[in-house]
Amino acid sequence: MNILMLTSETVPFSKSGGLADVVGALSSSLNKLDNSVKVMMPLYGFIDRKGFKKERTLSIPVLSKEESVTILVKKVQKVEYLAVEHPLFSERKGIYGDTSFTPYSDNAYRFLLLCKAAIEYIKASDWKADILHAHDWTAGPAMYLAKAAKLKVKTVFTIHNLAYQGDFSRFDLLSSGITPTEKMLSGGGLEKRFNMLKTGLEYADHITTVSPTYAKEIQSNEQGCGLDYLLKARSSSLSGILNGIDKTEWNPAKDKFFSEHFSVKKQSGKSELKLKAQAMFNLKQDANIPLIGMISRIAEQKGFHELLDDDVPALEQIAREKKCQFIIIGTGDKRYEEKLKDIGARYDNVSVNIVFSQELSHIVEGACDFFLMPSRYEPCGLNQMYSLVYGTLPIAHRTGGLADSIINVNEDIINGNGFLFDELSPNSIYKIVNQALSFYNDKEHFNIARTNALKSDFSWDDSAEEYIKIYGKLLGGAK
């Protein structure tokens, strides 16, 4: 099959979150399964142009004028990356805004231009796409545009996080030369707004999301983000496929960021790495004290309200009992950052690091005994998978992909590889962490759980096969 991926970000060129990892890894896996895969993305100003070659120039109709875009191409591991060159992308500092808190006011126009470029490319190219696979709100309108252009291509739309919908004025559609339909709009009366994600959900031939549990959760009022009615109506065309991880990057036996390598058969390197990490993060070196890691965007969604907003915060309750150590890495909400730094300053067993670092993330995942993820919701989650393959037992709220990837030791002591809890509250976090700390002292069962975790396989192979089944069904059984 010929598959065109459409995305606002993808490794190895641009990244603000897990979307980029998923698109890059899935495309590579699909290619290895004898499919021809191209990935269309914007050519942002920060992307190194080395190795890109001009393929073609396209004229994009926009209201009463035309925008000219250049398509540049570069092959990486047999996947062709099509970079859309236009000043709206190349003359900007960021992907969605100069910072994560300041989105560009013309984002609707920018990403509608990307969507239109995909349609014009399919029309002009000798390479005939069978599948147009669009990712998240920025690519949602391409599902409508493919139908409007009467392309023969079948369309798949993947929700990576339903909370981010691309909500804009209806006039943004008009300025792009598109007449709004009711399916593109959300809200009522004069308050109707252009919703880019809803557009994708309405017009795609099939919808996927990034875990089976999340596919069920988003059909509920609690997690449907105002679109549960639509997702329920389209439930027969909605699939949840758990993301995989890149095993070439996340492999404790070969990790490039540390030399204390380890595996299922040889686990001693993990203990050595723990001592190294304790020294790096100014913690007392003690091989016997449980070490808990958190690598996260510091935000309410990730459970920081429950961790930090209480008379005696859950994190502080755990820290002051001195039964464990914490290493926390991340950036985000300044209010929570300050609370974390305050706790870190008062407790010598808590290391708070307001930084984003790939190297430190790998070291912490490898060094820790436990990894705390009290997320309110988590469409798929990747850190719990990284933790598992590095023998670090996740302690997580039972939601989304966390529920699909972690086997709770409290329910299956033989096959368990982590801890799941149901009620998200400060007291529940305190209780489950203390339960994990007690489990740490039961060396026989702890070592079984760690070995189970190290045996985890989250390769993209199975996930890619699931996507191929969906593509094939849309194409009438063809592969």
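A caution before the details: the model is predicted.

I'll start with strand S13, which covers residues 206-209. His206 is found in this strand, and Thr209 has its place there too.

Take His206. Is His206 buried or exposed? Its relative accessibility is 11%. Buried means under 20%, so His206 counts as buried.

What is around His206? Setting aside neighbours within four places in sequence, His206 is in contact with Thr155, Val156 and Phe157, with Ser237, Leu238 and Ser239, and with Ile470 and Leu474. Two of these partners come up again when we look at polar atoms. The side chains of His206 and Ser239 are joined by a polar contact of 2.8 Å. For orientation, Val37 is 169 residues from His206 along the chain, and their C-alpha atoms are separated by 18 Å.

Now Thr209. Its relative accessibility is 0%, so Thr209 counts as buried. Which residues does Thr209 contact, leaving aside neighbours within four places in sequence? They are Ile159, Tyr214, Ala215, Ile218, Ser239, Gly240 and Ile241. Note Ser239: it is in contact with Thr209, and its side chain also makes the polar contact with His206.

On to the helices. The crossing is right-handed. On the H3 side, the residues that meet H4 are Leu112, Cys115, Lys116 and Ile119; on the H4 side they are Pro141, Ala142, Leu145 and Ala146. By class, that contact has seven nonpolar residues, no polar ones and one charged.

The other pair is H9, residues 268-280, and H13, residues 358-367. Here the axes come within 8 Å and cross at roughly 125°. H9 is therefore oblique to H13. H9 passes H13 in a left-handed crossing. From H9, Lys270, Leu273, Lys274, Ala277 and Met280 take part. They meet Leu360, Ile363, Glu365, Gly366 and Ala367 in H13. How many residues of each class does this contact have? Six are nonpolar, one is polar and three are charged.

To recap: His206 is buried, Thr209 is buried, H3 crosses H4 right-handed, and H9 crosses H13 left-handed.

Note on methods:
Residues are numbered from 1 along each chain as its sequence is written. This is a predicted model: local features need pLDDT of at least 70, side-chain atom pairs count only at pLDDT 80 or more; totals for chains, interfaces and linings use all residues. Side-chain values use heavy atoms; hydrogens and water are left out. Helices (H or I, at least four residues) and strands (E, at least two) are DSSP runs, numbered from the N terminus. Buried means under 20% relative accessible area, exposed over 50%, partly exposed in between (1.4 Å probe, protein chains only). Contact means heavy atoms within 4.5 Å. A polar contact is a pair of N or O atoms within 3.5 Å; within protein, one must be able to donate a hydrogen and the other to accept it, and residues adjacent in sequence count only if both atoms are side-chain atoms. Axes are lines fitted to C-alpha atoms, for helices over the stretch in contact, and angles run from 0 to 180 degrees between N-to-C directions. Angles under 35 degrees count as roughly parallel, over 145 as roughly antiparallel, 65 to 115 as roughly perpendicular and the rest as oblique. A crossing is left-handed if the near helix is turned anticlockwise from the far one by less than a right angle, and right-handed if clockwise. Ala, Val, Leu, Ile, Met, Phe, Trp, Tyr, Cys and Pro count as nonpolar, Asp, Glu, Lys and Arg as charged, and the others, Gly among them, as polar.
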